[in-house]
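Hi,

Here is the structure I promised to pass on. Have a look at it first, and then read my notes below.

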Amino acid sequence: MTALDPKFKKLIRQDVQSMHAYAIQDSAGMVKLDAMENPNRLPVALQAHLGQRLGALALNRYPDGRVNDLRKALADYAQMPEGFDIMLGNGSDELISLIAMACDVEGGAILAPLPGFVMYGMSAQLQGLKFIGVPLTADFELDETAMLAAIAKHQPSVIYLAYPNNPTANLWDDAVIEKIIEAAPGLVILDEAYQPFSSKSYIDRITRHGHVLLMRTMSKFGLAGVRIGYMMGPKALIAEIDKVRPPYNISVLNYECACLRWSTRTCLPRRPKSWLRSAPCFWKHWVR
Ligand SMILES: Cc1ncc(COP(=O)(O)O)c(C=O)c1O
């Protein structure tokens, strides 16, 4: 890396200059289980079909209302209850950044168990918010006492609970999740990025608690390259966070890929756990 010209040093935030960029390891020829990428590309027939669909798009135009078809399809799939709303991000990474931006109030803080998904802490740091990481117990469970004490002490504006957790892959105790939600003074984001690998969803919590948002991604369904994350919650809350979303954050190419994939979803096994046992079987379903 070349050194930054000293004349720019005073223009760029000192903490940003001291940071390391998000490292993406070269994965050529590997199965990326750490990112839970599907190792297989689309079957040839679907590649051709997708190519035709993408080629016919109006790339001369900004993204249009078709993005709402995808919002509706995802809301239906997740069984979002009536009266709630859904917003899309360029991956849930973007949603995590938008949450930090929208919740950047004086004294604001973000809290999450550690080890956890790296973007929770990074979004806080980039936004100049305090990040509180609460270590898991030795057997990777939520440390109920430590979590509740940290919530009481730091009064975080945002708490993240990834379910299942990344990188430990376990499911938290339901009763502990409930206590954390009840103790939270601010928002609780239930991050179900790995929901396709789990036996249950917490979608019902958005109806039971007005401060809970549920976040998901299409990445772990084998569409990591398409970059679609989504978040559901009370309309008024989603509307506020949506205000900091860059306009047209989902490209026409992204949402067309996602729409095509979704239109074939009934052919997919409900849970892609089978990738790990028999990845080729999973992809057979795409071409039907
Ligand atoms: C828990 C969790 N949340 C969110 C994400 C971000 O997903 P994406 O930006 O691909 O939608 C990841 C990615 O691995 C993750 O592990």
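Let's start with Y22, which sits in the loop between α2 (14–18) and α3 (44–55). Before you read on: is Y22 buried or exposed? Y22 has 9 other C-beta atoms within 10 Å, and the cut-off for exposed is 12 or fewer, so Y22 is exposed. If you go looking for V118, you'll find it 96 residues away from Y22 along the chain, yet the two C-alpha atoms are separated by 9.2 Å.

One thing to keep in mind throughout: this is a predicted model. The mean pLDDT of the protein chain is 88, and 91% of its residues reach 70 or more. Two stretches do stay under 50, though. One is residues 266–272, for which the model has twelve contacts beyond four places in sequence. The other is residues 274–288, with 22 such contacts in the model. Where pLDDT is low, the predicted coordinates should not be read in detail.

Why does I110 count as buried? There are 28 C-beta neighbours inside 10 Å of I110, and 20 or more is enough to count as buried. Leaving out residues up to four places away in sequence, I110 touches A100, Y120, A124, L129, F131, P156 and V158. G121 is eleven residues from I110 in sequence, and their C-alpha atoms are 7.6 Å apart in space.

Now for a pair of helices. Two packed helices are described by the angle between their axes and the distance between the axes. Here the pair is α7 (residues 144–154) and α8 (residues 174–183), whose axes come within 10 Å and cross at roughly 10 degrees. Angles under 35 degrees count as roughly parallel, and α7 and α8 are therefore roughly parallel to each other. On the α7 side the contact is made by E144, M147, L148 and I151, and on the α8 side by V176, K179, I180 and A183. Sorted by type, the residues of this contact are six nonpolar, no polar and two charged.

Last stop, the ligand. How many residues surround the ligand? There are 13, and the closest are G91, D93, A193, T217 and S219. The shell around the ligand is made up of five nonpolar, six polar and two charged residues.

Cheers

Notes
Residues numbered from 1 in each chain as written. Predicted model: local features only at pLDDT ≥ 70, side-chain atom pairs only at ≥ 80, totals over all residues. Near = placed C-beta within 6 Å. Nonpolar A, V, L, I, M, F, W, Y, C, P; charged D, E, K, R; others polar. Helix = DSSP H or I, 4+ residues; strand = E, 2+ residues; numbered from the N terminus. Axes fitted to C-alpha atoms, helices over the stretch in contact; angles between N-to-C directions. Parallel < 35°, antiparallel > 145°, perpendicular 65-115°, else oblique. Contact = placed C-beta atoms within 7 Å. pLDDT = per-residue confidence, 0-100.
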